[in-house]
Amino acid sequence: MRELAVFYCPKCGYYAYYQTSRHPQCPKCQAPGVMSMARIHYTEFMHMSCQERDEYLSQAILASNPSLLERLIAPHKKYNSRAVIAEMSTVIMNLDTENKILNDTVNWMHDTIWQLLREKRRAEQAQSAPAAAAQSASSQAAASREPHSTSQDKDDSEER
Ligand SMILES: [Zn+2]
């Protein structure tokens, strides 16, 4: 008696055990002479679970038809917004970091400018120390306005 083998139909997925001498026709879909022999010993196949058999034959059918595999992968290539989004979010994060550095630089420049102005004013006040009290009062009023105008300048820079 001839050895048994697993045959499967690549058209409908039906499988059965036949003697290797036979060239079975699929009894399910009647496709003429299309049943293929699985490259596995039938006893090994018999010991597989239903899921394992299904996976094994699925791979065998896919391997026999590369264009089918390509068609299955095609939607993954077409619908790949996540790759674009991931790339864009990386770009945005880098821009955010760069923007923060630029803002810090602008704030630092503002602080430095105001510090220089204050020092200059202090130097001028020291020079004109013996001057009238009225004059020093007016320059102190100017100094008290200073913090207000500083914050206003910062607001302007952040809006940009
Ligand atoms: Zn069939």
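Modeller: Thr20 sits in the loop that links strand 2 to strand 3. The model is a predicted one. Is Thr20 buried or exposed? Thr20 has 12 C-beta neighbours inside 10 Å, so Thr20 counts as exposed. A residue with 12 or fewer such neighbours is classed as exposed. Setting aside residues up to four places away in sequence, Thr20 touches Arg2, Glu3 and Ala5. Ala5 is also one of the residues of the largest nonpolar core. Phe7 lies 13 residues from Thr20 in sequence. In space, the two C-alpha atoms are 9.0 Å apart.

Gln30 is found between strand 2 and strand 3. Its phi is near 60°, a positive value in a residue other than glycine. Most residues other than glycine have a negative phi. Gln30 has 11 other C-beta atoms within 10 Å, so Gln30 is exposed.

Now the sheet on either side of that loop. It is an open sheet of 3 strands, ordered 2-1-3, with antiparallel pairing. Which strands stand at the edges? Strand 2 (15–19) and strand 3 (36–37) do. Each has a single partner strand, so one side of each is left without a neighbour in the sheet. Strands of a sheet pair through backbone hydrogen bonds.

Take the pairings in turn. Strand 1 and strand 2 are joined in the antiparallel sense by 5 bridges. They form a hairpin, with 6 residues between the two strands. Gly13 lies in the turn and has a positive phi of about 90°. Strand 1, residues 4–8, also runs antiparallel to strand 3 and is joined to strand 3 by 2 bridges.

Phe7 shows both pairings. In strand 2, the bridge partner of Phe7 is Ala16. In strand 3, Phe7 stands opposite Met37.

Next, the core. How many residues make up the largest nonpolar core? The total is 9 residues: Ala5, Val6, Phe7, Tyr8, Cys9, Tyr15, Cys26, Met35 and Leu57. Strand 1 gives the largest share of this core, 4 residues.

Gly13 is the turn residue of the hairpin with the positive phi.

Now step back to the whole chain. The protein chain has 5 helices and 3 strands. Along the sequence the pattern reads β-β-β-α-α-α-α-α. Of its 160 residues, 6% count as buried. Among contacts with a separation of 6 or more, 40% join residues 24 or more positions apart.

Helix 3 covers residues 66–78, 13 residues in all. Its first and last C-alpha atoms are 18 Å apart, close to the 18 Å expected at 1.5 Å a residue. Helix 3 has a kink of about 30° at Leu72, shortly before the proline Pro75. Why describe helix 3 as largely in the open? The number of its 13 residues that are buried is 0, so helix 3 lies largely in the open.

Definitions and conventions
Residues are numbered from 1 along each chain as its sequence is written. This is a predicted model: local features need pLDDT of at least 70, side-chain atom pairs count only at pLDDT 80 or more; totals for chains, interfaces and linings use all residues. Two strands pair if DSSP finds at least two bridges between them. A nonpolar core is a set of buried Ala, Val, Leu, Ile, Met, Phe, Trp, Tyr and Cys residues joined through C-beta atoms within 7 Å. A residue is buried if 20 or more other C-beta atoms lie within 10 Å of its own, exposed if 12 or fewer, and partly exposed in between; C-beta atoms are placed from the backbone. Two residues are in contact if their C-beta atoms, placed from the backbone, lie within 7 Å. The expected span of a helix is 1.5 Å times one less than its number of residues. The bend at a residue is the angle between axes fitted to the seven residues ending there and the seven starting there.
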